[in-house]
Amino acid sequence: MAPKKICVVGSGNWGSAIAKIVGANAAKYDTFDTTVNMWVFEETINGQKLTEIINTDHENVKYLPGHKLPPNVVAVPDLAESVKGADIIIFVVPHQFIIRVCDTIKDHIKKDAVGMSLIKGVDASPDGLKLISEVIRAKLGITMTVLMGANIANEVADEKFCETTIGCKDKSLGPVLKELMQTTNFRVTVVEESDVVEICGALKNIVAVGAGFCDGLGFGDNTKAAVIRLGLMEMIAFAKVFCTNCPVSPATFLESCGVADLITTCYGGRNRKIGEAFAKTGKTIEELENELLNGQKLQGPATAAEVNQVLVQKNMVQKSFESTPLQSAPGSCQ
């Protein structure tokens with residue numbers, strides 16, 4: 001069997017950290033083609049193209065400074081060119097850009113490619129809620145999997161121990177993806193409830209903004225703990241109502257994609273950071289993004305708006321975990 005070629009679509013903080021892992025494993029295992037393409041949105045840094053810096057110095061000096069990427073990770077500025085021939089396409093871009101990305105690559109990918117979404121968000125439309133993996137699947141017609149977990153990018157790049165969760169419904173595919181992602185310090189668990197894994201990754205950012213508000217308003221750790229607990233209950237209730245394409249078991253919320261990701265994001269993520277700054281300064285989210293995130297995008301507020309849109313459509317805005325039974329209810333992730 002020919003080695004599987006890998007492409008990472010996105011080169012921000014998290015995309016670059018993942019490319020570091022994927023590049024090392026691709027060079028290590030015969031399962032994968034040694035060269036890993038990484039699509040980079042071209043920027044000029046100190047008069048030099050970012051792709052040239054990455055390919056020469058093997059470092060993303062803007063989004064992951066201080067960390068060397070494996071030399072077999074190749075920065076490609078042309079999105080369509082980067083995915084050509086790829087067997088596994090890893091999507092790591094802000095969720096508001098994913099439709100544009102799919103439209104650009106749809107005529108350039110292999111029909112039997114497998115996608116993996118690391119994108120934390122949802123898409124709201126007049127038809128209701130769509131997971132980002134569903135949006136990609138509908139646009140490209142490929143098998144989709146997801147990866148979510150308590151994975152602050154800089155700590156992953158520093159090779160500090162952490163865990164993550166892959167959601168994959170195909171039992172034969174899970175081991176391949178685990179081999180691609182797992183390292184000594186990056187422990188991977190594969191579960192079949194991919195929709196639940198993805199819902200956790202999206203909704204935790206909303207809770208993290210609330211945790212940041214607590215910090216900014218000086219409410220203390222007790223209040224913040226209550227926000228986290230209540231937020232987790234809302235996440236479970238939301239999944240029970242909207243994810244009926246797969247079982248929703250409590251065990252998935254105890255994986256890294258669930259409670260662990262929620263905790264780390266509420267204490268160390270960018271959504272918490274901006275929530276705190278918003279409460280302290282009164283500046284707009286857009287102003288704070290520009291000032292504090294070095295070109296990165298915030299997911300929590302956008303996801304909150306999209307979730308609210310779906311709840312309004314279904315006349316469920318006033319419902320909470322206290323009034324929504326934690327068993328499956330009519331609905332779907334569509």
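Reader: Which strand is Leu129 found in?

Author: Leu129 is in strand β9, residues 128-131. Strands (E, at least two residues) and helices (H or I, at least four) are DSSP runs, numbered from the N terminus. This is a predicted model, in which local features need pLDDT of at least 70 and side-chain atom pairs count only at pLDDT 80 or more, while totals for chains, interfaces and linings use all residues. Residues are numbered from 1 along each chain as its sequence is written, and side-chain values use heavy atoms, with hydrogens and water left out.

Reader: Fine. Is Leu129 buried or exposed?

Author: Leu129 is buried, at 0% relative accessibility. Buried means under 20% relative accessible area, exposed means over 50%, and partly exposed is in between, with a 1.4 Å probe and protein chains only.

Reader: How far is Leu129 from Glu306 in space?

Author: The C-alpha atoms of Leu129 and Glu306 are 8.2 Å apart, and the two residues are 177 apart in sequence.

Reader: What about helix α5, which residues are buried there?

Author: In α5, residues 132-140, the buried ones are Ile132, Ser133, Glu134, Val135, Ile136 and Leu140. Just after α5, Gly141 takes a positive phi of about 70°.

Reader: Which residues have a positive phi without being glycine?

Author: Asn46 is one of them, with a phi of about 50°. Glu159 also has a positive phi, of about 65°. Most residues other than glycine have a negative phi.

Reader: Where are Asn46 and Glu159?

Author: Asn46 is in the loop between β3 (44-45) and β4 (48-49), and counts as exposed at 82% relative accessibility. Glu159 is in the loop between α6 (153-157) and β11 (162-167), and is partly exposed at 48%.

Reader: Switching to aromatics. How many aromatic pairs are there?

Author: The structure holds two. Rings of Phe, Tyr and Trp (its six-membered ring) pair if their centres lie within 6.5 Å; planes under 30 degrees apart count as stacked, over 60 as edge-to-face and the rest as tilted.

Reader: Why is the pair of Phe213 and Phe278 tilted?

Author: The planes of Phe213 and Phe278 are at 40°, so the pair is tilted, with ring centres 5.8 Å apart. Phe213 lies in α8 (residues 194-217) and Phe278 in α12 (residues 270-281), so the pair ties together parts that are 65 residues apart in sequence. Phe213 is partly exposed at 32% relative accessible area, and Phe278 is partly exposed at 34%.

Reader: And what lies over the face of Tyr267?

Author: Lys224 does, at 3.8 Å from the ring centre. A charge sits over a ring if NZ of Lys or CZ of Arg is within 6 Å of the ring centre and within 35 degrees of the ring normal.

Reader: Last one. What does Pro301 touch?

Author: Pro301 touches Val209, Asn271 and Ile285, not counting residues up to four places away in sequence. Contact means heavy atoms within 4.5 Å. Pro301 lies in helix α14, residues 300-313, and is partly exposed, with a relative accessible area of 29%.

Reader: How far apart are Pro301 and Gly275?

Author: Pro301 and Gly275 are 9.4 Å apart in space, C-alpha to C-alpha, and 26 residues apart in sequence.
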